[in-house]
Protein chains: 2
Amino acid sequence: MDKLNTTCGLDVSLTVIGGKWKPLILYHVQGGPTRFSELRRRVGGISEKVLIQQLRDLVTMDVLLRRDHNCVPPVVDYQLTPFGETLVRALVPLCDWGNQNRERVTERLQQAS
Amino acid sequence: MDKLNTTCGLDVSLTVIGGKWKPLILYHVQGGPTRFSELRRRVGGISEKVLIQQLRDLVTMDVLLRRDHNCVPPVVDYQLTPFGETLVRALVPLCDWGNQNRERVTERLQQAS
């Protein structure tokens with residue numbers, strides 16, 4: 001069985017993408033520069049205030065690049081940096097795991113509720 | 001660049017291991033059956049109440065197996081199920097990412113604080 005190696009790098013990764021929203025935000029900016037409003041639409045259920053904070057964190061960690069197009073009305077978009085792309089690659093197996101086990105997890109959740 | 005595929009399985013994975021603690025709990029039970037007290041020691045900073053709830057969730061999702069050894073004083077331990085092991089395998093790249101980028105992330109955090 002693959003072992004998570006001796007020093008647990010998960011604590012570092014979770015510092016960057018911990019919580020409910022950040023992995024989903026990364027998933028939804030993969031296609032290229034994405035506007036704030038579009039991101040808010042794609043990441044269902046997130047409030048404007050929370051999305052602003054999550055994006056600010058991801059920009060601070062150099063995972064996302066924020067661009068202000070300096071026009072009126074204001075246009076701002078976000079895109080993955082090369083560093084952010086390495087993190088998305090590390091997330092792919094977790095995404096695949098979720099898809100492979102969607103039914104099983106859904107069933108367990110229904111039994112538990 | 002590896003793409004997170006069309007349907008985002010991350011939402012399912014995050015339902016099972018979302019939040020700050022669960023990935024760390026999975027990391028620390030990899031060695032085999034682990035007692036509650038030992039787990040609490042290893043997963044630094046978690047309260048007893050939160051650890052109980054997180055473990056209950058992971059048992060409900062069939063990721064962990066809880067065994068009560070029916071002795072006095074009571075001995076209860078937790079171990080990965082085969083299903084749980086598939087999830088740990090999906091977490092390995094994220095663990096590796098964290099280790100590869102520990103310095104860079106730590107630097108960014110210091111600059112941001």
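Modeller: One convention before that: angles under 35 degrees count as roughly parallel, over 145 as roughly antiparallel, 65 to 115 as roughly perpendicular and the rest as oblique. And this is a predicted model.

Colleague: Fine. At what angle do helix 6 of chain A and helix 1 of chain B pack?
Modeller: The angle is about 40 degrees, and the axes lie 10 Å apart. Helix 6 of chain A and helix 1 of chain B are therefore oblique to each other.

Colleague: Left-handed or right-handed crossing?
Modeller: Helix 6 of chain A passes helix 1 of chain B in a left-handed crossing.

Colleague: Which residues make the contact?
Modeller: From helix 6 of chain A, A:Arg102, A:Val105 and A:Leu109; from helix 1 of chain B, B:Asp11, B:Val12, B:Thr15 and B:Val16. By class, that contact has 4 nonpolar, 1 polar and 2 charged residues.

Colleague: Now A:Asn101. Buried or exposed?
Modeller: A:Asn101 has a relative accessible area of 12%. Buried means under 20%, so A:Asn101 is buried. A:Asn101 sits in the loop between helix 5 and helix 6 of chain A, and touches B:Val12 and B:Phe83, leaving aside residues up to four places away in sequence.

Colleague: Switching to the sheet in chain B. What is the strand order?
Modeller: The order is 1-3-2, in an open sheet of 3 strands with antiparallel pairing. Strand 1 and strand 2 of chain B each have a single partner strand, so they stand at the edges.

Colleague: How many bridges join strand 1 to strand 3 of chain B?
Modeller: 2 bridges. B:Thr34 stands opposite B:Tyr78 in strand 3 of chain B.

Colleague: And which helix packs on that sheet?
Modeller: Helix 4 of chain B, touching strand 2 and strand 3 of chain B.

Methods:
Residues numbered from 1 in each chain as written. Chains lettered and ligands numbered in written order. Predicted model: local features only at pLDDT ≥ 70, side-chain atom pairs only at ≥ 80, totals over all residues. Heavy atoms only, no water. Axes fitted to C-alpha atoms, helices over the stretch in contact; angles between N-to-C directions. Helix = DSSP H or I, 4+ residues; strand = E, 2+ residues; numbered from the N terminus. Left-handed = near helix turned anticlockwise from the far one by under 90°. Contact = heavy atoms within 4.5 Å. Nonpolar A, V, L, I, M, F, W, Y, C, P; charged D, E, K, R; others polar. Buried < 20%, exposed > 50% of the residue type's maximum accessible area, 1.4 Å probe, protein only. Pairing = 2+ DSSP bridges.
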